[in-house]
Amino acid sequence: MTVTRDSQLPGGASRRRFLAGTGLLGGAAALAACGGATGTGGGTGGGSGGEELVGVGNNGKAGSGRSGEAADHLFVAGFQWSPPTNYNTFAGAPAWPAAGNVAQYVYETLLRFHIVSGELLPGLAASHEINGNESISLTLQEGITWHDGSEFTADDVLYTFELGKIDPGLGVASFWTEVDEMTAEGSTINIAINAERKNVGSVLTQLAQQFIVPKAVFEKAAEETGNKIASWETDEAIGTGPFTLELADQTQVILARNEDYWGKDFYGGLPAMSKIIHPIFKSNEDGNLKFQSGELDVMQQFVPQIWKMWESDKPVGTYLKEEPYFSPGSMPMLLINTTLPGLDDPEVRKALAHAVDYGSIAETAMSGYSSQVLASLVIPDGAEDQWLDRGKAESDGWVFDAAKAEEILAGAGYEKGSDGFYAKGGTKLGPWKLITPQGWTDWNAALEIVAKNLQAIGIDASTNFPQQAQTATAIQNGDFDMACWYVAGTNPSTPWQRFSDVMSNVDMAPLGQTAYRNFGRWENGEVNDLLEAAASAPDDASKLEAITALDDLYRAEIPAFPLMYRPDEFFEFNASNWSNWPTEENDYAPPMFRGAGNDWIFKLKKIGG
C-alpha cells in the first residue's frame, strides 16, 4: 500500500497516517467539471497569448489555462486522505488546513520559517527581536481581524499559549518548558526564556509553528470540555488567514478567499486564486494521475520518477530542475539499539555505516530525490548548511565501502565463522531484524538494501515490517535491533533538536519504558553538556563551536546514521493553469506550503486570463 507522510510537527514529532479508503466522489466530479488543461505552450514557457512565463515546468513548458470559474481556483492534494470531521487545531488529528504546522491559509503563526534560507519572516508579528538567550520580543501587525470580523489582540496570542497550562496534554504545553513568562504591552509581546535552559531555538520553533486561535472561541471550548481542549469537536475554523473554510465533506475541502484579509497590504494584494480546493483521494496513485493531467495544480505527495512527467511533455515542475529535485528537510535514520551485544561496540556501528550503499537507496528507494548523504546530523544545502563542517564530515566520516567495513571488523577482533558471519568472544553479529512500518514503501525498500549490504559483509541481518503502531511501540520501548525511523526535520531549533533526538542522555528511559528521544539508549558522559552549550549559546559563533563538537562526538560514536535525505514537503506543481511557481531560479518563495511558503499564493499568475 502506498503511504503519505505529513509534515513535521512541533517538537520534532511527525504524524504518519496510512491512506484511508475513501470514496472518490465529489472531488473527482469537481475536477472533471473544471476541464483541466493539458496543452503546452512553447519551449520557453509561452502562455496562450505568447508572453514569456517564468516558474513553469522543468521542460520550460506551460499550459493554456482552464476555462470558466475553475480558472480562478487552485487545486491542491496530498494533505487530507479521509473525510474531514474536526477543525479543532488542538485535536489529535484535525482536518486540513487546521492540522498543526501545515498551510497557513486559515490559521496563522506569529513568525514564518523559510526552509531554504533559515530566515524567520514576519507573520502575525510584524517584527521580532532576540536578546541573546534571555528574551524575545515581538511586535504585532496592525489591523488584524478574525474571520468573524472581531479584532485580533495580544490577548489572543497570550491565551493560545496559556492553553498549554490550561490543558497540559496539548502540544503547546511544551512551550512552558522553555519559557518562564509571556506578557504583553499593547501590541508588543515579551517572552522571558527559561533562565536555566536558555533554549532560544526551541522557543522560535514554537513561534513559527503554533497557530494562534481566537480567545473568545477557545474559552468557550475550554468551558464546554472541562479544559480538555483536545476533545472538543467543531466543523468551524475561525482564523486570521487569507482563506475561510467554505465546505468540507467526504469528497473535498473548499477554502474561499477572505476578501477582508488583513494582510492584503502586507503581501501586496489578495491571493491570486478565489478558492483553494483539496479533493480527497483514496491513494497517491489517484492523485498522481490527476496531477499529471493538469487537473491538480500543486501537491505534496510522493511521485516515483517525477521527471518522466516532464519528459512526456507535461508542464510539471519541481523547485530544483536537477536531482535531487527537492530541497532536503528531513533525515530518516538507521537507529541502532546500542544496548545489544555487538551493537554496543562503536567499531561495529562504524562498520555498519561503511557497509550501506547510500547511492542505491537514493536512486532505488527515493527515485533520486536524495543528495549524497554525509556523516553528520546537520542537513546540508539548506537552512542548516551554516552549521555544517563539510570538510570534517567527509574526512572523518564514512562512505559506502564494503571492504573498509570488513577491515574495521577485522581490526576490532571479529572473525568470520563457518556460517560466513563475524563474531568475537562468542558474540555473533546478528541475527538482527531491521524494522520500519509495513507500507512505507520508500523506507521498506531502503531497509531491503541495507539488509542485503550487511549480509554481503558478514553481518546476519534481515527485514521485518510490522504495522506502524507496533513499530513505534517497539522503537520507543527499546524492543528492536535496528530501525529506519525519523528525527527532527529542519526548523528553527535544528540542528540542535536533531542532536537531542539522537544523542541526549537527559531522562534516559530504561528498556521497556517509553522513550521520546535517543531510542537506541546510547550512553555518554559528555553529550548533555555539549547539548546545553549549543542550546544556550548567546551568539552564532558559540553555537557553531558547540554544534561542531557535537558532530565530532557523533561521528566518533555513531549511535545512528542517516540513510537518505527527504524533502521537508514534496512540492510539485503543474503549470497548466498557473505560472510563476517558486523554483531555484525564480526563488521569491521557498518550496513550502506553510511558513514562508505562503508568499507564492499571492504571486501565482493565471495563464490565459
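A salt bridge here is a side-chain nitrogen of Lys or Arg within 4 Å of a carboxyl oxygen of Asp or Glu. The model is predicted, so local features need pLDDT of at least 70 and side-chain atom pairs count only at pLDDT 80 or more, while totals for chains, interfaces and linings use all residues. Residues are numbered from 1 along each chain as its sequence is written, and side-chain values use heavy atoms, leaving out hydrogens and water.

By that definition the structure holds 26 salt bridges. One of them joins the side chains of K428 and D460, at 3.6 Å from N to O. The two partners are 32 residues apart, with K428 in strand β19 (residues 427-428) and D460 in the loop between α12 (441-457) and β21 (461-464). (Helices, H or I of at least four residues, and strands, E of at least two, are DSSP runs numbered from the N terminus.) K428 is partly exposed at 31% relative accessibility, whereas D460 is buried at 15%; buried means under 20% relative accessible area, exposed over 50%, and partly exposed in between, with a 1.4 Å probe and protein chains only.

Another pair, R566 and D442, meets at 2.1 Å, N to O.

Helix α14 (residues 496-503) and helix α16 (residues 540-557) have axes that come within 11 Å and cross at roughly 35°; axes are lines fitted to C-alpha atoms, for helices over the stretch in contact, and angles run from 0 to 180 degrees between N-to-C directions. On the α14 side W496, F499 and M503 take part, meeting I547, L550, D551, L553 and Y554 of α16, where contact means heavy atoms within 4.5 Å. These residues divide into 7 nonpolar, no polar and 1 charged. (Ala, Val, Leu, Ile, Met, Phe, Trp, Tyr, Cys and Pro count as nonpolar, Asp, Glu, Lys and Arg as charged, and the others, Gly among them, as polar.)

Then there is an open sheet of 7 strands with mixed pairing, in the order β10-β11-β12-β3-β13-β25-β14. Strands pair if DSSP finds at least two bridges between them. The edges go to β10 (243-248) and β14 (316-318), each with a single partner strand, so one side of each has no neighbour in the sheet. β10 runs antiparallel to strand β11 (residues 252-257) over 5 bridges, with A248 partnered by V253 of β11. Helix α6 (residues 284-292) lies across β13 (298-299), β14 and β25 (572-574), at about 40° to β25.

Most residues other than glycine have a negative phi, and most peptide bonds are trans. N101, not a glycine, has a positive phi of about 60°; this residue is in the loop between β3 and β4 and is buried at 4% relative accessibility. That loop also holds P97, and the peptide bond from W96 to P97 is cis, with omega near 0°. A cis bond likewise joins E323 and P324, with omega about 10°.
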